[in-house]
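I'll jot down what I look up as I go.

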Amino acid sequence: MSGILRRIMDGMDIETFLVCSSEDEGRRLILQFMKEIGFTDVDIVFIQFQGPGVRVRARAYVHRPGDTYGWLKAGRTGEDAL
Amino acid sequence: MTPKKVLLAPIDPVHDVGLKLISRGIREAGHETVLLQPDLEPEEIIQEILSHRVDVVLLSRTLGYGVAEILARFVDLADAVGVRGRVRLGIGGMAIRPELAAELGFDAGFGPGTTVEEALAFVEGREYLPGRGKESKEKQDLTRGYSYAYRNSRIAGLLSVITDGILDWAANKTSPGVLRAQVREDLWDVDRWRNYEKMSEFLAEYPGLCGEVPQNFYLKGVMHPKTRRFTREEVEALEQYVRDTVERMSLPGLRHTLQKPVVFNQYGTGCPFLDTGHIKVSEAWGADGVIHFDPSWGARTEGFMDGFLTHQEDGTVITPANLNRIKMSLEPGTLWQVRAHRGLNTPETVVLAGKFKADLTKINICYGALGAGTDPARLTVDGVAAIRYAAKYGIPFDVVTNEELCGVPAYKAFAGMLITADLSLRLGAKPALQPLFCYSPEVMLEGYMRDNYVDFNVAKVLALRRIIDAPVWPGAPIGFMTQTEDRVQSSAATSYHASLAAMLGVDAITIASSDEAYSGGPITVPSKVDTLRAVAEGFRFFGHTSIEPSAQARAWSGEIESGIEGVLRRVADRGDFVQALYEGILGNLEDGAYPGRNGRDTVLEK
């Protein structure tokens with residue numbers, strides 16, 4: 001995990017508009033994209049299809065409750081993470 | 001300080017009101033200003049700088065097109081005539097980002113939202129220290145100014161009869177929850193605990209009054225399977241994080257010109273570390289108070305564990321150490337509510353809330369017994385004890401009506417709320433009424449919100465105000481069941497409900513995050529910022545605008561009031577509050593309420 005990612009308090013959302021022909025296709029594309037950019041703990045928070053495509057917000061959890069949080073030490077004394 | 005001569009110029013075809021405000025602020029601080037007209041060429045501005053022999057130049061640029069080119073031309077000219085060496089150049093406005101200003105060679109760049117104080121610091125050549133504003137945020141007493149006088153004497157009379165009956169019934173009864181609270185109250189000292197002193201008397205008594213999970217914890221050192229202790233390194237990192245964050249925090253107000261409602265949001269990620277992160281963000285974005293949200297299994301477990309524990313599911317475990325750490329992380333002006341309303345640890349939670357100096361708690365016998373799974377007899381015994389402790393510690397509490405979400409009609413839920421409130425007043429406590437602002441099953445079935453979300457919520461507040469002069473704190477959270485996974489819709493819905501609450505002059509509100517309707521994972525902190533920002537915008541938009549209740553709202557409020565009276569009459573006629581709960585007078589199976597079973601047959605005769 002990069003030093004910057006460790007500074008994300010809990011989750012990171014990517015919100016965009018995908019040109020596609022159905023909600024299913026939009027769902028598949030955004031999940032594929034999230035995995036392609038390196039996230040594994042991903043979900044779709046919101047998706048809405050209309051003719052031109054989907055308005056979608058996907059989420060990657062970087063820190064879940066109970067994890068060891070990188071941001072606790074990030075930014076201090078040059079450290080980026082625990 | 002030597003007064004400076006400052007030239008301010010919009011490098012734009014239009015004037016920038018921000019520049020005028022800054023010019024005034026600089027002048028009021030004792031400096032001389034020269035404010036140029038808009039639409040001058042860079043060459044003309046340079047000429048003015050030379051002729052006025054100024055110390056500082058502040059330019060503004062609102063329009064985005066061609067900004068880099070025109071500013072680069074200005075800097076080149078300033079260099080060419082030797083201005084750069086002796087005049088400090090600043091640039092601000094909607095089109096400016098600090099990175100662009102630095103790239104072009106300006107001494108400072110001020111983006112959107114720059115304050116007069118920020119510009120003044122640049123003029124005076126000193127570091128800008130953002131106003132901390134901590135001292136301006138003071139805790140509000142939600143109950144102040146309320147007489148708790150009844151305005152509906154028939155309802156007052158019925159409540160008095162019911163309260164007499166509850167106190168008579170509970171007088172010779174106790175429970176494991178009441179006994180644990182007593183042990184916690186008498187044998188557990190928060191200062192000794194903070195000093196790591198072993199409280200042998202407490203440990204000799206307490207585990208025997210607990211269920212299996214806490215017993216295993218105290219006697220065998222076995223943790224709940226979904227919890228773990230933090231390491232020392234993690235704890236030290238958290239302490240440092242809080243210190244660093246507090247140092248750079250400012251505490252902006254959320255309410256614009258309004259004194260109320262006080263705005264609460266919940267925390268309860270499961271992990272007190274992440275909670276602390278969420279709380280600091282909530283405070284920084286204007287929340288006035290935060291509410292401890294514990295896991296549902298905690299309400300079904302007899303007793304508390306101890307230790308600084310994380311829990312990997314929704315809801316943060318109540319332990320003395322967790323409460324202590326969270327309390328330590330709060331800003332002095334942040335209100336803190338520890339909920340005690342629904343489970344087997346109700347009185348002990350209030351004792352802990354008192355010992356850790358929580359500002360508020362939450363108690364409702366009827367909701368806990370009909371919508372949250374605790375046996376009515378048990379919660380009545382425990383509820384009476386909890387209210388006595390709340391009175392002793394001087395902790396006000398809201399009386400929540402979440403049984404509405406099960407399908408119980410508002411008038412029945414309100415009857416239950418008023419019973420707990422009246423009982424509380426008799427015992428010297430200070431309740432706040434918590435009607436839901438929600439799209440409840442009753443509302444859906446009856447079509448009360450077919451046209452708008454306003455009238456029925458207004459009707460609820462009007463009805464309560466016609467009955468008693470008491471604080472009103474809609475919740476929890478406002479807009480329940482109106483929010484979707486769309487964060488724009490969710491934030492807007494919260495903002496509209498908050499604005500309605502403000503127009504009705506209620507004392508407090510509890511708001512959700514924009515993740516309210518998302519159930520696929522934990523709530524994230526940006527979603528809390530979403531709704532805090534949306535609520536702030538609502539308060540800014542409406543200010544002190546008031547609302548005139550519609551004829552429909554007034555009619556519904558009358559129906560709610562008479563419905564409450566009818567339910568209270570049936571409870572009073574039944575002559576036994578606990579049996580009234582079992583028999584569904586305050587919410588029945590058809591409504592969607594059912595008498596809880598947790599703690600059944602645990603009530604003990606003294």
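Predicted model: local features only at pLDDT ≥ 70, side-chain atom pairs only at ≥ 80, totals over all residues.

I started just past helix H3 of chain B, where B:Gly82 has a positive phi of about 80°.

Next I stepped back to H3(B) itself, residues 67-80. I checked its length: with 14 residues at 1.5 Å each, the helix should span 20 Å, and its end C-alpha atoms do sit 20 Å apart, so the two agree.

Then I asked which residues of H3(B) are buried. I found B:Val67, B:Leu71, B:Phe74 and B:Ala78. Looking down the helix axis, I see these buried residues fall within an arc of 55°, so they line one face of H3(B).

What do the buried residues of H3(B) pack against? I traced them to four elements of chain B: helix H2 (42-52), helix H4 (83-86), strand E4 (88-92) and helix H5 (98-104). On the other side of H3(B), I noted B:Glu69, B:Asp79 and B:Ala80 as exposed.

Last stop, the contact between the chains. I got 20 residues from chain A and 26 residues from chain B. On the chain A side, the elements giving two or more residues are strand E1 (11-19), strand E2 (42-50) and strand E3 (53-61). Of the elements there, E2(A) gives the most, with four residues. I also sorted the side of chain A that touches chain B by class, and it has eight nonpolar, eight charged and four polar residues.

How values were computed
Residues numbered from 1 in each chain as written. Chains lettered and ligands numbered in written order. Contact = placed C-beta atoms within 7 Å. Nonpolar A, V, L, I, M, F, W, Y, C, P; charged D, E, K, R; others polar. Expected span 1.5 Å × (residues − 1). Buried ≥ 20, exposed ≤ 12 C-beta atoms within 10 Å, placed from the backbone. Arc of directions from axis to C-beta.
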